[in-house]
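Good morning, everyone, and thank you for making the time.

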Amino acid sequence: MVFAGANFGVVLKALASAIPADRPALIHGTRVVSWGELDAITDRIAAGLTSRGLKPGDIAGQMLRNTPEYLLAYFGCIKAGLVPVNVNYHYKARELEDIFSRFGLKALFTTSDFADAATEAMPEGALTVDVGSGEWAALCDTALPADFAIHNDPQALFLTATGGTTGMPKAVMWPMDQAWGAFNIGVWQRPPGTPPLVTASVEEQAAEAARIGPDHPASNSPMLLLSPLMHGAGQFTAVIHLLKGGTLALLPADKFDADLALNEVARIGARGLFIVGDAFALPLADRLDARGDGAQVLASLRTITSSGAVFSPALKARLIAHHPALMIIDALGSSESSGTGIVITTAAGSSGGGKFQPLPGRETKLFDEHLKEIPPGSDGVGIVARTGPLPLGYLGEDAKNAATFPVIGGQRWLMTGDRARWSADGTLEFIGRDNMCINTGGEKVFPEEVEAVLLDHPAVKDARVVSLPDPRFGRKVVAVVEPEGAAPEGLQAALDAHARAGLAGYKIPRLYVITESSLRLNNGKPDYKTAQALAEAAGEDIRQGSEF
């Protein structure tokens, strides 16, 4: 019988029993939490939460930056049977009240920076713990009762709050046994040409984790996680790495700092680095170019993995130029799917010609709007869908669940929202997110596709593609561009010529807005709201179009 996975708390304890107690589990600057400490502290947190009246199934949020406290609270909740959920610390009281109410939070872990807004928004009677307070210290020092036992249901849930791209966030309900398979936690890669090991029990998982320690040639520890834990990509990566017995490093700063990140790679001898596309790759590449010490700084690094945003080929090439042995893994995925496709890039080139290859172990198809399959070899853009291990759906979102997880031919599918077309070799050419599509004159334009072309121009630092009303076509495509340095004379004409060389006519922006403003949110993700406001503020010239 195939091992379907286990409760994450049970796995964590088994790992801690097999791994040397002093092996680092978490690194945060000079602070190190060993595997022995990780297990013991999360046990005490679990006991403390239970003693405060919280019960299995109660939902507990983590509204924290990338610190050890986030993961201590997360696994402490899991061991107590609580359902953890990530909470975006950029939200204000009104937004927090909405999600706390919809998600039904009974507890929240936060920090002093966010405590006032969090406390104001939390339901009456709920537990709010500031991880810098005496309450947190007491929780971490709870004496274990004689009958203490961690929760062990393999179908226990954790929630992953979506980014709220099209409205307020939804909570994706992941059973741990389904996530085990979807995240490939029990899959251990072997040398090329050798099948991977798929563990058949918790004991085998723990034994393999103990065998592949930080000094083992196959280890990718330490892994420096730059993506925020409050987003699915960062959360999934952290959980996967720890449930393989790895050492997870977090940047010791409140905000992303490219120089600090590079210094940390060198200081801890990081073998893996996790980022979110261009938002992190661009400043890293810029600093490497400026510093001139890339070969020394990146010497230990084997892989850079990215998910959750576009990762431009030009930036991959710039990073590899500093460390030719580097492998870049670009994953297509979401909070609902974990991963659906992958591109691997090295100095020799990219797998699939730079197009995404469907991940093995799950069936991947393209469907049109009528849920009719677009088979490989056919023309047309469709929605990427997959089977295999899946979440239960969104918490309290019946209508959305029916649309996102339809049953087709007797089988449940996830409609990922990613638009793609089949290439002749069976790879997937990613076009864009369905919810960002611009309909202009009956033609569909995906902003990410146009942005990728514009970002390939050397004068462009960043670009967002939005739309404005058009009396003839309904909407017209508008590019908001942040130039690399001062905008050169004739930039708009140069961008137009560049776009026309790589895009069909209906995808060409009819207007270019040049800005010095950042087109990224604080978390590094594309800021379409600001881009839209800049486009609209361009006034009468934008409303009537332009010669471009």
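Predicted model: local features only at pLDDT ≥ 70, side-chain atom pairs only at ≥ 80, totals over all residues.

Let me begin with the backbone, where the peptide bond that runs from Ser221 to Pro222 is cis, with an omega near -5°. If you want to find the place, Pro222 sits in the loop that joins α8, residues 202–211, to β11, residues 223–225.

Two further residues deserve a look for their phi angles. Asn184 is not a glycine, and yet its phi is positive, at about 55°; this residue belongs to the loop between α7 (176–182) and β9 (187–188). Ser338, which is not a glycine either, also has a positive phi, of about 60°, but here we are in a strand, namely β16, which covers residues 338–346.

Now to the cavity. When the whole structure is searched, one cavity of 30 Å³ or more is found, and the space in this largest cavity comes to about 80 Å³. Taken together, the lining residues of the largest cavity comprise seven nonpolar and five polar ones, with no charged residue among them.

Finally, let us turn to the sheet, which is open and consists of three strands in the order β28-β29-β30, with mixed pairing. The edges are taken by β28 (460–470) and β30 (511–514), and each of them has a single partner strand, so one side of each has no neighbour in the sheet. On average, and ignoring direction, neighbouring strands of this sheet are turned by 25° against each other. The pairing of β29, residues 474–483, with β30 is parallel and extends over four bridges, and one can follow it at Val481, whose bridge partner in β30 is Ile514.

Helix α16, residues 491–502, packs on this sheet and touches β28, β29 and β30, with its direction at about 130° to that of β30. Helix α17, residues 528–537, likewise packs on the sheet, touching β28, β29 and β30, and its direction makes about 60° with that of β28.

Definitions and conventions
Residues numbered from 1 in each chain as written. Heavy atoms only, no water. Helix = DSSP H or I, 4+ residues; strand = E, 2+ residues; numbered from the N terminus. 1 Å grid on protein atoms, 1.4 Å probe; cavity = no way out; pocket = protein on both sides within 12 Å on 5 of 7 lines; lining within 4 Å. Points joined across faces, edges and corners; volume = space filled by probe spheres on them. Nonpolar A, V, L, I, M, F, W, Y, C, P; charged D, E, K, R; others polar. Pairing = 2+ DSSP bridges. Axes fitted to C-alpha atoms, helices over the stretch in contact; angles between N-to-C directions. Contact = heavy atoms within 4.5 Å.
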